[in-house]
Amino acid sequence: MAAIGMTRFPDRTDPSSIEDVDAPANMTGDDDRPIDADNPADREDAPMGTTAATTQPDVSSKPAQQWLADAERTDLSALVDTQRYPLHDADDPRLQAEIARVHEDLDREGCAVLRGFLRPDALEQARQEGRDLSAKSYYASRRVNAWFTRDDATLPENDPRRIFMERTSGFVTRDMIPADTVIQQLYVSPAMKRLVAACLDEEEVFEYADPFAGLVQNVLPPGTEQPWHYDTNEYIVTMMTDMPDSGGEFQYCPNIRTPAGENYDGVGAVIRGEDETTPRTLLLRPGDLQLFKGRYSLHRVTRVGGDRERHTAIFAYSQQPGVVGRLERTRQLYGRVSEAHIEAEKRREGRADGLLD
């Protein structure tokens, strides 16, 4: 991980940075406070309460697998729990309340989740599709620091920019994900885009034009991990579809850096293991839809244990159409590039802020 992002740097953003997104979601209880992953009482689903009924599309004769990804299709009721998240009615009080909660969680924690977003049958379908797709993964391992920059011998040895960690990334790119899969149907849907835009206070969001990125499946086999790092995109949207037997936990440090500065002292203390109080551990359940501010929050996924892989769908959106990833970063992540990447690189501009990555 997305996580899979919402870029606030159109034309200059690297959508291939979605490899950095791996974040399981922030969970909230009845009082909308962040759930403590170490508190067993916080691990139970809170009741949603009762609200006035809203007219729903009839999906009894529309099994999810019979749909194809369609950028004009607004009916997601075969996939999404529309009793809880009535995407077909943007003015529904239940949906508006969830969006308001997401705003509060993002402002406070840099992380928010729409729990139980997928219907159980759609989740099971997505889980099986993810396992089938896993065989198409492209893997790359390298030693990286949190900023993905080269070593600088002029810096002190304990500087966080000189601490390099082993990172293994496995991805199934969008061009390999069939049109009838659950995650493709979600990614292109206008209802999904409206929801993401509303949660992020944007007027509109668009799919990436990148033929490989935009939508990817992140695959972490047993024994792999994603060390401390930042995302290039300000926001990322992800959904775990399969969780490992053990490990694979998401830890993050909300807003540990800002556009005004890197906070090397604080970041270094976390990376070196000297600060064990700032990092937070969050639990993600498969089928939850998660939004995360990964550009300012240092985060990692711990080593995956057991026999089962960790699969996460990463949904990347932009403020305007036409975004394509950087040439070299795309080659590193996916093992290949397209003509779209070559042409986009000729028009590339620099980043809009002054942060290191």
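This is a predicted model: local features need pLDDT of at least 70, side-chain atom pairs count only at pLDDT 80 or more; totals for chains, interfaces and linings use all residues.
Q: Which strands pair with β8 (residues 236-242), and what makes them partners?

A: β8 pairs with β12 over 3 bridges and with strand β15 (residues 310-315) over 5 bridges. T238 stands opposite Q290 in β12, and D242 stands opposite H311 in β15.

Q: Why is β8 called mostly covered?

A: The label comes from the count of buried residues: 7 of the 7 residues in β8 are buried. Buried means under 20% relative accessible area, exposed means over 50%, and partly exposed lies in between (1.4 Å probe, protein chains only). Across the protein chain, buried residues make up 56% of the 357 residues.

Q: What is the strand order of the open sheet, and why do β2 (111-114) and β3 stand at its edges?

A: The sheet has 7 strands in the order β2-β12-β8-β15-β6-β4-β3, with antiparallel pairing. β2 and β3 each have a single partner strand, so one side of each is left without a neighbour in the sheet. From one strand to the next, the twist averages 30°.

Q: What makes helix α1 (residues 93-109) a helix that packs on the sheet, and which strands does it touch?

A: Helix α1 touches β2 and β12, where contact means heavy atoms within 4.5 Å. Its direction makes about 155° with that of β2; axes are lines fitted to C-alpha atoms, for helices over the stretch in contact, and angles run from 0 to 180 degrees between N-to-C directions. Helix α6 (residues 327-334) also packs on the sheet, touching β3, β4 and β6, and its direction makes about 115° with that of β3.

Q: How do you know that the side chains of R108 and E109 meet in a salt bridge?

A: A salt bridge needs a side-chain nitrogen of Lys or Arg within 4 Å of a carboxyl oxygen of Asp or Glu. Here the N to O distance is 3.6 Å, so the pair qualifies. The structure holds 22 salt bridges.

Q: Is E109 buried or partly exposed, and which of the two is R108?

A: E109 is at 7% relative accessibility, so it falls under the 20% limit and counts as buried. R108 has 39%, which lies between 20% and 50% and makes R108 partly exposed.

Q: What makes R127 and E124 a salt bridge, and where do they lie?

A: Their N to O distance is 2.7 Å, which is within 4 Å. Both residues lie in helix α2 (residues 120-133), 3 residues apart, about one turn of the helix. R127 is buried at 16%, whereas E124 is partly exposed at 41%.

Q: Why is the salt bridge of E225 with R303 said to tie together separate parts of the sequence?

A: The closest N and O atoms of E225 and R303 are 2.7 Å apart. E225 lies in the loop between β6 (215-220) and β7 (226-229), and R303 in the loop between β13 (298-301) and β14 (304-305), so the pair links parts that are 78 residues apart in sequence. E225 is partly exposed at 24%, and R303 is partly exposed at 47%. Elsewhere, salt bridges that share partners join E98, R101, D105, R108, E109 and R280 into one network.

Methods: Residues are numbered from 1 along each chain as its sequence is written. Side-chain values use heavy atoms; hydrogens and water are left out. Helices (H or I, at least four residues) and strands (E, at least two) are DSSP runs, numbered from the N terminus. Two strands pair if DSSP finds at least two bridges between them.
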